[in-house]
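Reader: Please show me the model, and then let me ask how each label attached to it was reached.

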Amino acid sequence: MIDGRPWFRFMDRLYSPLPVHDLDPSMVAELCELRLEFMDELIDETIYAKVAHQLREAAAERIAAADAGPVVLDFGTGDGRFSRTLATRLPNAHVLGCDISFASLRRSRPKGRVFQISTDGDIPIGNSRMDLTVACFVLHFTLPVRAFEELHRITRGGGHLVVNTYGPGGVRSRESVERTGWKVVGERDVPDIAGHRILAFQKRPG
Ligand SMILES: C[S@@+](CC[C@H](N)C(=O)[O-])C[C@H]1O[C@@H](n2cnc3c(N)ncnc32)[C@H](O)[C@@H]1O
């Protein structure tokens with residue numbers, strides 16, 4: 001409590017006047033920029049590594065061995081740390097990254113291209129271009145439903161969206177994803193990390 005009002009802890013050291021799942025996208029971007037600025041003190045690397053490993057493997061499972069050069073979007077790429085390891089895991093893939101935070105993108109050193117998107121959820125990519133989208137530590141925030149509609153639009157029939165979730169924001173995000181035409185095709189807990197799940201969604205083939 002500060003001055004009689006509750007504050008909400010995020011990653012042990014950051015405090016916000018609202019729970020993270022109630023922040024609007026601009027506030028989310030600011031919080032994530034702080035996370036990057038104080039990354040060494042804030043990120044629990046053990047949790048991050050375990051979740052990212054499960055997410056990467058779940059993503060790789062969705063890429064058919066026959067796929068010559070799948071196009072993969074890292075949605076909410078931040079400083080590109082997940083993109084880089086995904087590109088190593090999927091050496092034939094073209095990995096792109098996007099984020100609402102330009103400050104975070106400026107810190108990124110990805111292998112592929114990155115671009116900024118607006119906070120309203122629009123994504124400047126043509127229809128059916130993506131084979132797979134991944135989102136690593138993004139869906140615990142509440143995203144605009146439009147973002148999931150857009151991800152559905154830019155994905156080819158039969159393509160996938162693979163994410164990790166936790167907390168109330170994760171429940172909300174899952175509902176939004178399912179409401180925008182995606183079907184759940186895979187779901188598992190992250191071993192040893194209570195409450196963290198990996199979800200795989202597919203766009204109807206055809
Ligand atoms: C906790 S960081 C994770 C960054 C990166 N994926 C990683 O694994 O380190 C969440 C990222 O999602 C981005 N983000 C949050 N809401 C977004 C939205 N609506 N559209 C796109 N990116 C978003 C933030 O700006 C931030 O870079």
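**Labels and their grounds**

Author: UniProt, in an unreviewed entry, places the feature "domain: Methyltransferase type" at residues 73–163; UniProt positions are given in the numbering used here, feature names are shortened, and annotations may be inferred rather than shown by experiment. Residues are numbered from 1 along each chain as its sequence is written. This is a predicted model, in which local features need pLDDT of at least 70 and side-chain atom pairs count only at pLDDT 80 or more, while totals for chains, interfaces and linings use all residues.

Reader: What makes up residues 73–163 in terms of helix and strand?

Author: Over residues 73–163 the chain is 26% helix and 30% strand, where helices (H or I, at least four residues) and strands (E, at least two) are DSSP runs, numbered from the N terminus. The end C-alpha atoms of this stretch are 12 Å apart.

Reader: Why is Gly158 called partly exposed?

Author: A residue is buried if 20 or more other C-beta atoms lie within 10 Å of its own, exposed if 12 or fewer, and partly exposed in between, with C-beta atoms placed from the backbone. Gly158 has 13 other C-beta atoms within 10 Å, and is therefore partly exposed. Gly158 is found in strand β7 (residues 155–165), and, leaving aside residues up to four places away in sequence, touches Gln202, Lys203 and Pro205; contact here requires that the two C-beta atoms, placed from the backbone, lie within 7 Å.

Reader: How do you know that the buried residues of α6 are on the same side?

Author: In helix α6 (residues 145–154), the buried residues are Ala147, Phe148, Glu150, Leu151 and Ile154. They cover an arc of only 160° around the axis, which puts them on the same side of α6; the arc is that of the directions from the helix axis to the C-beta atoms. What covers these residues includes β3 (71–75), β6 (130–135), β7 and α7 (167–179).

Reader: Why is the ligand said to lie between domain 1 and domain 2?

Author: The domain assignment gives domain 1 (8–42) and domain 2 (45–202), with bounds that come from an automatic or database domain assignment. Both domains give residues to the shell around the ligand, so the ligand lies between them. The ligand is surrounded by 22 residues, the closest being Cys32, Gly76, Gly78, Ser101 and Cys136; a residue counts as near if its C-beta atom, placed from the backbone, lies within 6 Å of the molecule. Helix α1 gives the most to this shell, with 5 residues.
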